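We will walk from the inside to the open spaces, and then to the loops.

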Amino acid sequence: MDSITEISVTTTSPGTFTIAWPPAFSPDPVSVCASSAPDTLAQADPMVTDAVGQCTLGGFAPDARQYFRLSRTNGEDLVVAERNVPLAGAVNFRDLGGYAATDGRRVRWGRLFRSGHLSTLTPAGRTAFERLGIATVCDFRLASERARENMTLPAGVTLEGIEIPPGVRDPEYFHRVFRDASGPDDVADAVHEVVLSMVNESADRYRRLFEVLLEPGERNILINCSAGKERTGIATALLLSALGVPRETIYYDFMLSAVYFPALAEIPRVLEKYAVSAVGDAAQRLVMPLLETRASYLRVAFDSIDRECGDTDAFLRKHYDLGTAECTELRRRYLV
């Protein structure tokens, strides 16, 4: 497993971060420097030079995102940051940076983000969003969902609507599932069918995502949907695959939605969105498979890809026109 998945960066108080790593990363002292821009870390002076296992660094602006370079005696330097971007009111907002590709490079921090809906961003959260420098939002929600979960994007940010139904060929799909389901297992089965539909029937829509990623100019991009789990999760899996990130890391990233998506808090929104008639505990049990993040939801996608094409590279060539030249360009832009 990629070493970055075992390193944690957490905000312990406004402007203060704790970075922790296992002995396997480095049993010896580590030097740590910090910057609000990952590309400038090479010029930053160390804030500590003798940290073992963890360190706590403070004095940063409380609303500024920070990146940290861990330098060890033996092994590559590693740039890390909070995986979950703590925007007040955001849902499942994460940075895709740092993941290792098979060629030894890593995904650039601060360039590719994923999230759920942004309609509950607070004013402070909106200000923090603007500081991320996101130029394009690729939104997989339907227009009706955007109207219901609306956020007015900052000036200069382009919305690319890439509409994928939150169901099998039909935005009313989950209305019927919740109306007819005899229990949570039926809902879990429906989510599997939805994921298969995304993989097998939404190629033209996900293809547009790759067209945006390959458009001229370098810019920061956010991909999102309502929860940031299934439609965004499959898009992220395809993108990381195109960048050469191994599947075990892609599973790791997918399952982080189990940590960062506030499933229980989102129950009222889902009950209203899909007109669920059940009430109380029965309603909660019924909708939880849709709100949970399960490895099987991604596994059915990869199993389908492998059955059809043998591997993800062949699938990307067949359905997204991502040959050697296109993948090379994606990796030039988004790996470092």
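Start in the middle. The largest nonpolar core has 97 residues, and Ile-19, Phe-68, Phe-174 and Phe-210 touch the most other members. A nonpolar core is a set of buried Ala, Val, Leu, Ile, Met, Phe, Trp, Tyr and Cys residues joined through side-chain atoms within 4.5 Å. Buried means under 20% relative accessible area, exposed means over 50%, and partly exposed is in between (1.4 Å probe, protein chains only). Helix α4, residues 184–201, gives the largest share of this core, 8 residues. Helices (H or I, at least four residues) and strands (E, at least two) are DSSP runs, numbered from the N terminus.

A word on the source: this is a predicted model, where local features need pLDDT of at least 70, side-chain atom pairs count only at pLDDT 80 or more, and totals for chains, interfaces and linings use all residues. Residues are numbered from 1 along each chain as its sequence is written, and side-chain values use heavy atoms, with hydrogens and water left out.

Now pick out Phe-174. Leaving aside residues up to four places away in sequence, Phe-174 touches Pro-166, Gly-167, Ala-190, Val-191, Val-194, Tyr-274 and Leu-290. Contact here means heavy atoms within 4.5 Å. Another core lies apart from the largest one. This other core has 15 residues, among them Val-85, Phe-93, Phe-113 and Leu-121.

Next, the helices. Which residues of α7 are buried? In this helix, residues 247–255, they are Thr-249, Ile-250, Asp-253 and Phe-254. Seen down the axis of α7, these buried residues fall within an arc of 140°, so they line one face of the helix. The arc is that of the directions from the helix axis to the C-beta atoms. An α-helix has 3.6 residues a turn, so residues three or four places apart point the same way. The cover over the buried residues of α7 includes β8 (94–95), β9 (112–115), α6 (231–242), α8 (257–260) and α11 (295–309).

Helix α1 can be read in a similar manner. Gly-125, Ala-128 and Phe-129 are buried in α1. They cover an arc of only 105° around the axis, which puts them on the same side of α1. The face turned away from that buried side carries the exposed residues Pro-123, Ala-124 and Arg-131. β10 (134–139) and β12 are among the elements that cover the buried residues of α1. Just after α1, Gly-133 takes a positive phi of about 70°.

The largest pocket holds about 900 Å³ of space. On a 1 Å grid over the protein atoms alone, a pocket is an open set of points with protein on both sides within 12 Å along at least five of seven lines, while a cavity is a set of points where a 1.4 Å probe fits but cannot get out; lining residues have an atom within 4 Å of a point. Grid points are joined across faces, edges and corners, and a volume is the space filled by probe spheres set on the points. Of the 41 residues that line the largest pocket, Ser-36, Pro-38, Arg-65, Gln-66 and Tyr-67 lie nearest its centre. α1 gives the most to this lining, with 4 residues.

The structure holds 1 cavity of 30 Å³ or more. The largest cavity has a volume of about 200 Å³. Its lining has 19 residues, and Ala-227, Glu-230, Arg-231, Tyr-274 and Leu-290 lie nearest its centre. α4, α9 (267–273) and α10 (280–291) each give two or more residues to that lining.

Now visit the loops. Ser-226 lies in the loop between β12 (220–224) and α6. Is Ser-226 buried or exposed? Its relative accessible area is 3%, so Ser-226 is buried. Among the residues that Ser-226 touches are His-117, Arg-141, Glu-145 and Arg-231.

Two other loop residues stand in the open. Arg-169 is in the loop between β11 (158–161) and α3 (173–180). Arg-169 counts as exposed, at 61% relative accessibility. Ala-275 sits in the loop between α9 and α10. Ala-275 is exposed too, at 57% relative accessibility. Most residues other than glycine have a negative phi. Yet phi is positive in both, near 60° for Arg-169 and near 50° for Ala-275.
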